[in-house]
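Let's take a friendly walk through a protein structure, step by step. Keep the picture open beside the text and look up each element as we come to it.

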Amino acid sequence: MDFSIFGYQFMQNAILSAFLGGIACATIGVFVVLMHMPFIGVCMSHAAFAGALLGLWLGFNPLVGAFGVSLLSAAIIGPLADRGELSPETSIGVIFSLMLGLAFLFMGLMPGTKSGALELLWGSILTNTRSDIILLGIVAFVVVALVFLFYKEIQATIFNRDTALAVGIPAAVFLYGILFLTGATITASLRSIGGLLIFSLILNPAAAAYQLTYNMKTMFLLAAAFGVLSGWVGLLFSYFFNLPSGATIVVTSSVIFLIAAIFSPKRKVKGWQSKPLQEEQP
Amino acid sequence: MDNELIVIDNAVVSYREDIALRGVSLKVSKGEFVGIIGPNGAGKTTLLTVVNGMGKLLAGKVRVLGHYLRSGNGHSLRKKVGYVPQVQNIDPRMPICVREVVMIGRYGILGILSRPGRDDYEIVDEAIELVGMSHLARRPIGHLSGGELQRVSIARALAQQPEMLLLDEPTASLDWKAQSDILELVKMVHDTRFLTTLFVTHDLSCLPVTCDRVVLMKEGIIWGEGPPEELLTDDNLSRLYDMPVSVVRSRREKAVPVHL
């Protein structure tokens, strides 16, 4: 195999971006999967896409638009999820379609070439610049640091928000914190992976890890490993077969999920139960 | 005065256009075991949310363990109050084991940024042993039966080392054996931990007969309170549940009372 590709600056940038983006997205994915709110993530990533296009159209930084509009959508969806009284799917569906509609509306209104818009749609990890990597690095660091610092509160909130509230944890603060981090992660990864595909990189690695473990810490670690692996393997395929990188990354993450689902011990509940339980280890 | 852990004075609570509590007053002393019964929609759960600081008062005053209820200030109160809800639906694949779920009871008290230490693990393991779940401590929480889940909920509430225990229909949707086991456990826990306990149920056969006091609720008001043997007459129950006296009588005769 020819390893000279690693000598190129753009490839080094891409590998680093895939590493940082993979960790941030997969960590967010664990929240999304365990809190049973995948559709909220889809909605927020499309909102970020619409926000970025708004920025391109009106001539301000697309990432500012992406962050603003994804947080706006979280501000609308969050209370629906928080109250949990009625299934929020319908309202989220309406907001989701509105965001997709707005995205294409802004694209239509944009004068001149649409290449910038298409880049945000499909992502272009191979053209990532130093500033993109710095942004991704900051977001990945903040996400991982917050999970590390607030692990027990996050674990309780993910397990059951009512229970977390009942033991004296301000569960709503953590729910909104998680939505905020989701918005930040989507925004930082938007240029690398693209608005249409980013959500797969959030969902698939975490969903794959979910198949394989009954331990939440292991799930975070596995998800991050799968996220990074998806990015790197996807990059290789993209380079060697001259394919769009966002698409190969997402397809790789789906294949990882498929393999995890096939080999999931959770599918064989009987076999798991027949194993003797481990002794107490304080 | 100090002996009264809960003082609710003329509380009014409303959800949207429905009024859930219409001027409820109740005092509960330290060490009491109070059963709250009434039909669905009587405001029993709302009364518990008022006690653990989650209710939004429209009018009235509530003082619990020295805390006055205001919106948004309940977190410090809830650390001292153990809460056991109805059997919850839990994702069978949820990556969290019984011992970790019980440990959640320590999280509020520990506070932000501190990690559970050896003492916390001792408290948790003791609570797990008290509810008879030590053999399942490493089991994923989603793999338990309804009765086992309620034992875990009780253990989690005990891990808080609470001064007060609130139980909201803890036996609903359990089978008969599990119901009586949970009732027995609740009474035992109340006695050995010197707790003050509020027990909500719509089902008379699920009320420990050794309650010190019962409170009857209907349509958002307290309809009567007193010792169970005086209050739980066929006549009162027939009016509480809108059923003819003869039906109430035959149902009670069929029901097997739980003697603890």
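What you see is a predicted model, in which local features need pLDDT of at least 70 and side-chain atom pairs count only at pLDDT 80 or more, while totals for chains, interfaces and linings use all residues. Residues are numbered from 1 along each chain as its sequence is written, chains are lettered from A and ligands numbered from 1 in the order in which they are written, and side-chain values use heavy atoms, with hydrogens and water left out.

Let's begin with chain B. Helices (H or I, at least four residues) and strands (E, at least two) are DSSP runs numbered from the N terminus, and two strands pair if DSSP finds at least two bridges between them. Four strands of chain B form an open sheet with antiparallel pairing, in the order 2-1-4-5. At its edges are strand 2 (18–29) and strand 5 (67–68) of chain B, each of which pairs on one side only. Strand 2 of chain B is joined to strand 1 (residues 4–15) of chain B by nine bridges in the antiparallel sense. To find one such pair of residues, look for Ile6(B), whose bridge partner in strand 2 of chain B is Val28(B).

Helix 1 (residues 44–51) of chain B packs on this sheet and touches strand 1, strand 2 and strand 4 (57–64) of chain B. Here contact means heavy atoms within 4.5 Å. The direction of helix 1 of chain B makes about 120° with that of strand 1 of chain B; axes are lines fitted to C-alpha atoms, for helices over the stretch in contact, and angles run from 0 to 180 degrees between N-to-C directions.

Now move to another sheet. Six strands of chain B form an open sheet with mixed pairing, in the order 6-7-8-3-9-10. Strand 6 (81–84) and strand 10 (221–226) of chain B stand at the edges with a single partner strand each, so one side of each has no neighbour in the sheet. On average, and with direction ignored, neighbouring strands of this sheet are turned by 15° against each other.

Which residues cover the two faces of strand 7 of chain B? Met164(B), Leu166(B) and Asp168(B) lie on one side, with Leu165(B) and Leu167(B) on the other, and all are buried. Buried means under 20% relative accessible area, exposed over 50%, and partly exposed in between (1.4 Å probe, protein chains only). Because five of the five residues of strand 7 of chain B are buried, this strand is largely enclosed by the rest of the structure. Strand 7 of chain B pairs in the parallel sense with strand 6 of chain B over four bridges, and also in the parallel sense with strand 8 of chain B over five bridges.

Val215(B) has Glu225(B) as its bridge partner in strand 10 of chain B. Helix 6 (residues 176–192) of chain B packs on the sheet, touching strand 3, strand 7 and strand 8 of chain B, and its direction makes about 160° with that of strand 8 of chain B.

Next come helices of chain A. Two packed helices are described by the angle between their axes and the distance between the axes. Helix 2 (residues 38–58) and helix 5 (residues 115–122) of chain A pack at about 165°, with their axes 10 Å apart. That makes helix 2 of chain A roughly antiparallel to helix 5 of chain A (under 35 degrees counts as roughly parallel, over 145 as roughly antiparallel, 65 to 115 as roughly perpendicular and the rest as oblique).

Finally, look at two loops. Asn242(A), between helix 11 and helix 12 (245–262) of chain A, has a positive phi of about 55° although it is not a glycine. Glu219(B), between strand 9 and strand 10 of chain B, has a positive phi of about 50° and is not a glycine either. Asn242(A) counts as exposed at 71% relative accessibility, and Glu219(B) is exposed with a relative accessible area of 57%.
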